[in-house]
Amino acid sequence: MPRWHPRWRPFAGLAWKLKCESVDGVSIEAYVQAIAEIIGGQNVVAALRSNEQMMVLFMTIIEFVGIVTLVIIHHFSGFNVSPMALKALSANTNFPLWRFPVNNVSNRMALKRPSWNITLGELGSMGMTSAKNSLFRIRGNISNFHFADHIHIMIDAKDDNGRQRVLGGDIWKPKMFNPNLKSSIIGKVVDYDNGTYSIYFFAAWSGEAFIDIQLVHTRDAALYIEDVFRKKEKMTWQAVYSRGGLEETSMCHLRREGTWTNQCEHMRNPLFGRTLVLCEKPASLACGDLNYFHTSKVSLDNRQHLEDMFHRSYQKINGNPSKLIIHNSSFGLQSLFSEIPICSDGLYIDEFKPTGFWNNNTWHSLVCQTTRFDRQSSRVCLNEYSELYFLGDSTSRQWFIELYQLLGIPSDNVTWDEHYKNTPKKIRKFLYKKTRGKAVIDGMTLFFLFHPLASTKQKLLLDRFPLEYEILENIKTCDTVIVLGTWAHYTRWTVTSFDERLRYIKQHLYEYKKRCPNSKIIIRGSHAREHDGWEKNLGNSDLLLRGVNDILKNVFKSELWLTFIDVWELNYSSFAKQTVHMSEHVVKEEINLLLSNVCPEKYY
């Protein structure tokens, strides 16, 4: 247990950590020692939960940020305590003066130890974290922030009754921005697991800075997502089997482990992983008669409780002040950029540092040096490659489209869905469109291929979506760029299934890289999506999608033969509306990141 945790010897070290001074002559050290002996340090948390009916002096020392917190709650087990005031001055921080009036203690013998070590039963309530009642405050001298400083903000999470929460686990979205400068950045969160949180912002511009903090999920909602929603595959489809004019439907779902009887097993492929699509056997037709399938709605239990819980998501909390001024510094923007490394494979990403910030409506990466590309420079960047492959979901399709437009490929040189040509028209019009694309210009060909098992209400033909290893095995050249962007359809997979799926893909990419060492392999991370109603607050949860991003990073980021591009903060901090298909302006900035990683040596 860390030393700053509230359950770790809360009275130990008071005399040497703080300079304590009694206003009326009572020995503070003796007083604290007496209370510690009476209730025992291990019961402090229980005492704090007993509403305001106990006399407790509670100290938390968070050593690495130099914060000292003192909390006093009145009346201990019916004892009358004499008036006293406490003046606390931290030895190493500028600490405010607090005075807590209580009742007079003539000596420590007035507090006699009871024969039990438990608090008396009292009525109390503890609710979920309330955005309306929670507050943030800026620490430090608000008039003395300069460019490149770290701005520290504290959050006090409170419940519906205005009571301080005593556990952490809430999920927050902290954003600092200036709408006139089109500048913004995401803060980093430290959870102390006691209802308080620290937010650290990097002061990335000079001028006004507004603070916006949203409660993304309460602890209760976050625990439901982690312990219930993600523990079992939620991906379901409705399958249509047909033969000789007979058509039957059945329900299908993902399954990686467990037992089953007389189920149609689809996607049984050792190079895909151990996750299967299991479908109820049709009444008359065989499993091999599968024609197409489409996604069905997720079934959720306790819907009213979930609605109450997820209606609290994505609400702003108040703070005073919510605006500050960042002053100029001798350490300017160019000085900052000069310390950023050149983009390269396997580049280390520090999780506690921002990946970048927006300024003048332009994304500035703090991970590696980036260039802004136009038609000519993008062609120069890619002139040594003959084929580029974009594998994954519709966000990869956005990259494919944005890049061929940047390169100046005319629409006549772009084709879509040639693999559907021999499909009957009555089915073709309902099929998921633009799942394969091809664009050609001056000896260079761009391909887009959608991954299998998409989540869509449109019809999917299982045999028209090749696996990654099939695509890689059929690439005949080595002067290639492979871009993998597989994330938006995997929030209903369990962590284990998705992790395994990615590791199989990683192995196939590695085999290709060994065969073609001069090829370039890029992995694209996830971003947040739209939220309109409690069900999408759950299904499109930032926590779920950030979890997908974390799995992608855990699988790919440490490899020296590929590049992981983290676009989470680029999208999260942008002024554009959060949606699965972000605005063209945001996608252009992502393409600048892509090309800066494909050919860094040509520009630096």
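**Questions about a predicted model**

Modeller: The secondary structure of the protein chain comes to 15 helices and 29 strands. The model is predicted.

Biologist: What is the mean pLDDT of the protein chain?

Modeller: pLDDT is the predictor's confidence in each residue, from 0 to 100. In the protein chain, 78% of the residues reach 70 or more, and the mean pLDDT is 81.

Biologist: Over which residues does pLDDT stay under 50, with 61 contacts beyond four places in sequence?

Modeller: Where pLDDT is low, the predicted coordinates should not be read in detail. One stretch below 50, with 181 contacts beyond near neighbours in sequence, covers residues 39-116. The stretch with 61 such contacts, beyond four places in sequence, is residues 1-24.

Biologist: What percentage of the residues of the protein chain count as buried?

Modeller: A residue is buried if its relative accessible area is under 20%. The protein chain has 604 residues, and the share that counts as buried is 54%.

Biologist: Is Asp-542 buried or exposed?

Modeller: Asp-542 belongs to helix 13, which spans residues 542-556. The cut-off for buried is a relative accessible area under 20%. Asp-542 has 4%, so Asp-542 is buried.

Biologist: Which side chain does a polar contact of 3.0 Å join to that of Asp-542?

Modeller: Leaving aside neighbours within four places in sequence, the contacts of Asp-542 are Val-216, His-217, Tyr-314, Ala-528, His-531, Trp-568 and Tyr-572. Of these, Ala-528 is 14 residues away in sequence, with 5.6 Å between the C-alpha atoms. The polar contact of 3.0 Å runs from the side chain of Asp-542 to that of His-531.

Biologist: Why does Ser-526 count as buried?

Modeller: Ser-526 sits in the loop between strand 28 (520-524) and helix 12 (534-539). Buried means a relative accessible area under 20%. Ser-526 counts as buried because its relative accessibility is 0%.

Biologist: Which residue has its backbone oxygen 2.9 Å from a polar atom of the side chain of Ser-526?

Modeller: Not counting residues up to four places away in sequence, Ser-526 touches Trp-487, Leu-545, Val-548, Asn-549, Leu-552, Val-567 and Trp-568. The backbone oxygen at 2.9 Å from the polar side-chain atom of Ser-526 belongs to Leu-545.

Biologist: Which element gives the largest share of the lining of the largest cavity?

Modeller: There are eight cavities of 30 Å³ or more, and the largest cavity has a volume of about 200 Å³. It is lined by 18 residues, and those closest to its centre are Ile-349, Val-367, Phe-564, Ile-565 and Asp-566. Strand 22 (362-365), strand 29 (563-565) and helix 15 (584-598) each give two or more residues to this lining. The largest share, three residues, comes from strand 29.

Biologist: How many residues of that lining of the largest cavity are charged?

Modeller: The lining of the largest cavity has 10 nonpolar residues and six polar residues. The charged residues in this lining number two.

Biologist: Which helix gives the largest share of the lining of the second largest pocket?

Modeller: The second largest pocket has a volume of about 880 Å³. Its lining has 27 residues, with Ser-455, Arg-492, Arg-529, Lys-536 and Asn-540 nearest its centre. Helix 8 (394-406) and helix 12 each supply at least two lining residues. The largest share, four residues, comes from helix 12.

Key
Residues numbered from 1 in each chain as written. Predicted model: local features only at pLDDT ≥ 70, side-chain atom pairs only at ≥ 80, totals over all residues. Heavy atoms only, no water. Buried < 20%, exposed > 50% of the residue type's maximum accessible area, 1.4 Å probe, protein only. Contact = heavy atoms within 4.5 Å. Polar contact = N/O pair within 3.5 Å; in protein donor to acceptor, adjacent residues only side chain to side chain. 1 Å grid on protein atoms, 1.4 Å probe; cavity = no way out; pocket = protein on both sides within 12 Å on 5 of 7 lines; lining within 4 Å. Points joined across faces, edges and corners; volume = space filled by probe spheres on them. Nonpolar A, V, L, I, M, F, W, Y, C, P; charged D, E, K, R; others polar.
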